[in-house]
Amino acid sequence: MAAAPLQYLETLRNSHPELSVWFNDLSDLFQKKLWHQLTLKLEQFLALSVLQAGDTLMQLYHNFIVDFEMKMNPLKLAHFVVIVSRQYATKEASISYLEGVNEKLRATREIRIDEPILYIKMQIAMFKLELGLQKECKKLLDDGKSTLDSMIDIDPSVYATYYWISSQYHKSRQEFAEFYTNALLYLAYTSVESLSDSFKLDLTFDLSLSALLGDNIYNFGELLAHPIIKSLLGTKVEWLYYILEAFNSGDLVRYQELCRVHKDALNAQPALLANERKLFEKLNILCLMEIIFSRPAEDRTIPLVVIAERTKLSVEDVEHLLMKSLSVHLIEGSIDQVDGIVHVSWVQPRVLGISQVKSLCDRLDAWVNKVHETLVSVEAETPDLVASEK
């Protein structure tokens, strides 16, 4: 049995007597070679806040974990070394350390070794991004996507780290729509309860701005339905939540009122100010979609003046709005300029809010009643035929 790892644990026990129970458990499991149980205990131990400062985790790896790292679950090891890598003094040193671990993992030639290697590669990509090496980061992301596409039964943590790093890459390039998509996919593989309040608030703020500013994002229902959106409530940026609601329902009046009340906060967001015209166009398109959605399927022939009244646009501008909506496939139909109407045959499906679901429910109830009335009418007019069928 290697003495050095045990001696190191004894040193830690002396310097952190309040953690002596932890060190006793680690020492006992190490001596009994219970690698799975030791891995689980380490997973809990590394999460302790007292270990996050300084280079404690880095020293723990080099003086203890390194002695049995190849006996651990490879993906658990990848999780550990990524945490450890953040304690190195420079990004370059962190990258070198992670690349060394990946070389060890490749040498094992185990089945599914690509999974932990990819997880570590994504952290390397993050360090590259933080160093301003966008092209190298993008290359690692592209390689990572190819690896993901070739694998099956992938651990959610691997998906999560890929989509998180990808979202940060697009954020650095101010590619709002791509950031929005990847950040939502990150959340699909991540438990919101595992995230800190400050992290949730920052991510939700970025997601909200990207939803507003991203090209071809005309449905905020998925974001508004996600638990993380509640992170905005009770904060200084709560106004952003209500603006998202106004956009999602195409409520122009509500949006203008929010802009008036929160003028100073909006002026503090240069991205919103620089895209004011784009935001107004998006709001008008969402208003148009809400007009269409609120009408029964058999009443989708809409006078342009009705749309103009709701959007506060001229009829000519309404025509441009409709052409934009048709071009990005939000709706399908035809415009009759002579009669001043638009016939909509299809509208893009949306994630509905509670009020929109209630509206849909009311319309379904009306449809059921109409079908029932039709049935009663048919039975009354053709009693002999109905009787013979029965």
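Analyst: Happy to! Let's begin with a term: a residue is buried when its relative accessible area is under 20%, exposed when it is over 50%, and partly exposed in between, using a 1.4 Å probe and protein chains only. The model is predicted, so local features need pLDDT of at least 70 and side-chain atom pairs count only at pLDDT 80 or more, while totals for chains, interfaces and linings use all residues. Residues are numbered from 1 along each chain as its sequence is written, and side-chain values rest on heavy atoms, without hydrogens or water.

Helices here are DSSP runs of H or I with at least four residues, and strands are runs of E with at least two; both are numbered from the N terminus. Helix α13, residues 238–248, is mostly covered, with eight of its 11 residues buried. Those are W239, L240, Y241, I243, L244, A246, F247 and N248. After α13 comes G250, with a positive phi near 60 degrees.

Now the rings. A pair of aromatic rings is described by the distance of the centres and the angle of the planes. Rings of Phe, Tyr and Trp (its six-membered ring) pair if their centres lie within 6.5 Å; planes under 30 degrees apart count as stacked, over 60 as edge-to-face, and the rest as tilted. The structure holds 19 such pairs. In one of them, Y159 and Y163 have ring centres 6.3 Å apart and planes at 10 degrees, so they are stacked. Both belong to helix α9 (residues 156–172), four residues apart, about one turn of the helix. An α-helix has 3.6 residues a turn, so residues three or four places apart point the same way.

Y163 counts as buried, at 12% relative accessibility. Y163 also stacks on Y189, because their centres are 6.0 Å apart and their planes at 10 degrees. This pair links distant parts of the chain: Y163 sits in α9, whereas Y189, 26 residues apart from it, is in the loop between α10 (176–188) and α11 (197–213). With 32% relative accessibility, Y189 counts as partly exposed.

Elsewhere, one aromatic cluster is formed by F30, W35, F64 and F68. There is a charge to consider too: K282 lies over the face of Y218, 5.7 Å from the ring centre. A charge sits over a ring if NZ of Lys or CZ of Arg is within 6 Å of the ring centre and within 35 degrees of the ring normal.
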